[in-house]
Amino acid sequence: MSKYTVTPVDEAIHFGKDEIIVSKTDLKGRLLYANDVFCRVAEMTTSEVIGKPHSIIRHPDMPRTIFKLLWETIQNGEEIFAFVKNMSKTGKYYWVIAHVTPSFDQQGQIIGYHSNRRRPSDLGIAQISGIYDQLLSEELKHTNSKQGLIAGENLLHSMLKEKSQTYSQFVWSIGE
């Protein structure tokens with residue numbers, strides 16, 4: 001697939017409350033499977049997504065801090081629930097609450113990752129949007145992207161410490 005540049009547009013894509021977006025990736029995050037809901041909401045065909053990095057649907061409004069936390073968690077063999085704003089092929093956005101888990105072989109080695117995503121509540125989106133805006137703003141204050149990521153992580157840890165919660169506890173406290 002050729003690379004394409006997508007310009008975000010301020011238009012939401014909605015999917016059904018009972019629908020689940022499903023994907024599986026290899027250890028590097030390349031898509032091995034995407035269900036029909038994934039493709040429809042992302043406005044892509046199966047052939048456009050299989051073999052591509054999962055980041056193909058990453059929205060630029062998402063703080064890198066959250067993806068770093070997500071990757072660290074699943075690479076440690078743990079599951080994570082996270083609010084994620086994704087972007088379709090035409091630049092539209094859609095929010096999901098993602099449940100990402102590692103997949104293991106019979107020897108207990110991680111062989112890939114599995115994600116189920118549902119539509120979050122409007123209240124949950126409203127609450128997490130403000131926090132993600134703060135994290136992204138902190139990341140962008142730094143000209144060095146590595147320092148920006150560290151600053152974003154520090155801000156997230158500070159927010160969670162103030163609430164005496166982990167990220168997962170925080171996600172569940174604001175509702176789905």
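This is a predicted model: local features need pLDDT of at least 70, side-chain atom pairs count only at pLDDT 80 or more; totals for chains, interfaces and linings use all residues.
**Entry: what covers α4**

I started with helix α4, residues 122-140. Which of its residues are buried? I got G124, I125, I128, S129, I131, Y132, L135, L136, E138 and E139. Next I looked up what covers them, and the cover includes α3 (64-75), β3 (80-87), β4, α5 and α6 (167-173).

I also checked the length of α4. With 19 residues at 1.5 Å a residue, α4 should span 27 Å, and its end C-alpha atoms are 26 Å apart, so the two agree.

**Entry: α4 against α5**

One of the elements covering α4 is α5, so I looked at this pair because contact is set at heavy atoms within 4.5 Å. Helix α5 runs over residues 145-163. The two helices pack at an angle of about 145°, and their axes are 7 Å apart. I noted the crossing as right-handed.

Who meets whom here? From α4 I listed I131, Q134, L135, E138 and E139. Facing them from α5 are G148, L149, A151, G152, L155, L156 and M159. I sorted the residues of this contact into seven nonpolar, three polar and two charged. Going back to my buried list for α4, I find I131, L135, E138 and E139 there.

**Entry: strands around β5**

I moved on to β5, residues 110-118. Strand β1 (residues 21-25) pairs with β5 in the antiparallel sense, over five bridges. What is the bridge partner of V22 in β5? I found N116.

Strand β4 (residues 93-104) pairs with β5 too, again antiparallel, over eight bridges. Here I saw S103 standing opposite G112 in β5. β4 and β5 form a hairpin with five residues between the strands, and G108 there has a positive phi near 85°.

E43 has a positive phi near 60°. I placed E43 in the loop between α1 (36-42) and α2 (46-49).

I found S164 in the loop between α5 and α6. Its relative accessibility is 65%, so S164 counts as exposed; the cut-off for that is over 50%.

Notes:
Residues are numbered from 1 along each chain as its sequence is written. Side-chain values use heavy atoms; hydrogens and water are left out. Axes are lines fitted to C-alpha atoms, for helices over the stretch in contact, and angles run from 0 to 180 degrees between N-to-C directions. Helices (H or I, at least four residues) and strands (E, at least two) are DSSP runs, numbered from the N terminus. A crossing is left-handed if the near helix is turned anticlockwise from the far one by less than a right angle, and right-handed if clockwise. Ala, Val, Leu, Ile, Met, Phe, Trp, Tyr, Cys and Pro count as nonpolar, Asp, Glu, Lys and Arg as charged, and the others, Gly among them, as polar. Two strands pair if DSSP finds at least two bridges between them. The expected span of a helix is 1.5 Å times one less than its number of residues. Buried means under 20% relative accessible area, exposed over 50%, partly exposed in between (1.4 Å probe, protein chains only).
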